[in-house]
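Me: I am new to this structure and would like to go through it step by step. Could you show it, and then take my questions in turn?

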Amino acid sequence: MKAVKIEGEFVWHSHPETDELFFVHRGLLFIVPRGVEHKPAADEECEMLLIEPAGTPNTGSSGGPLTREPSWI
C-alpha cells in the first residue's frame, strides 16, 4: 500500500501481469484495466492509496527517471 499524491500527467506505462487498486481520497483519477497502457493524470492534486503487489514499479514496464524504488515508512 502506498499513499500518493499526483497532479498533472505521469508517463505512459503498463503493468502486464499486475492489478492495481487506487482508492481516491480526494480528487479525480481515470483508471484502466490490467495490461492496458495508461498515463495517469489529474487536473488538480489527487490524494489516494495505491494498493498493488510489493515491488511493483510505479512506471511499470517503461522505467525512466520517474521510477521510484519501494521504501518502507
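Me: In what order do the strands of the open sheet stand?

Reply: This is a predicted model, in which local features need pLDDT of at least 70 and side-chain atom pairs count only at pLDDT 80 or more, while totals for chains, interfaces and linings use all residues. Residues are numbered from 1 along each chain as its sequence is written, and side-chain values use heavy atoms, with hydrogens and water left out. The open sheet has 3 strands with antiparallel pairing, where strands (E) are DSSP runs of at least two residues and helices (H or I) runs of at least four, numbered from the N terminus, and where two strands pair if DSSP finds at least two bridges between them. Their order in the sheet is E1-E3-E2.

Me: Which strands stand at the edges of the sheet?

Reply: Neighbouring strands of this sheet are turned by 40° against each other on average, direction ignored, with axes taken as lines fitted to C-alpha atoms (for helices over the stretch in contact) and angles running from 0 to 180 degrees between N-to-C directions. Two strands have a single partner strand each, so one side of each is left without a neighbour in the sheet. These edge strands are E1 and E2.

Me: Over how many bridges do E2 and E3 pair?

Reply: E1 and E3 pair in the antiparallel sense over 7 bridges, and in that pairing Lys2 stands opposite Leu50 and Val4 opposite Met48. Met48 in E3 also has Val24 opposite it. The pairing of E2 and E3 is likewise antiparallel, and the number of its bridges is 5.

Me: Is His15 buried or exposed?

Reply: His15 is placed in the loop between strand E1 (2-9) and strand E2 (21-26). Leaving aside neighbours within four places in sequence, His15 is in contact (heavy atoms within 4.5 Å) with several residues, among them Arg34, His38 and Pro57. Its relative accessibility is 5%, and since buried means under 20% relative accessible area, exposed over 50% and partly exposed in between (1.4 Å probe, protein chains only), His15 counts as buried.

Me: Which side chain is joined to that of His15 by a polar contact?

Reply: A polar contact is a pair of N or O atoms within 3.5 Å; within protein, one must be able to donate a hydrogen and the other to accept it, and residues adjacent in sequence count only if both atoms are side-chain atoms. The contact made by the side chain of His15 is 3.2 Å. Its partner is Glu20.

Me: What is the relative accessible area of Asp43?

Reply: Asp43 is found in strand E3 (residues 41-51). The C-alpha atoms of Asp43 and Thr59, 16 residues apart along the chain, are separated by 19 Å. Asp43 counts as exposed, with a relative accessible area of 80%.
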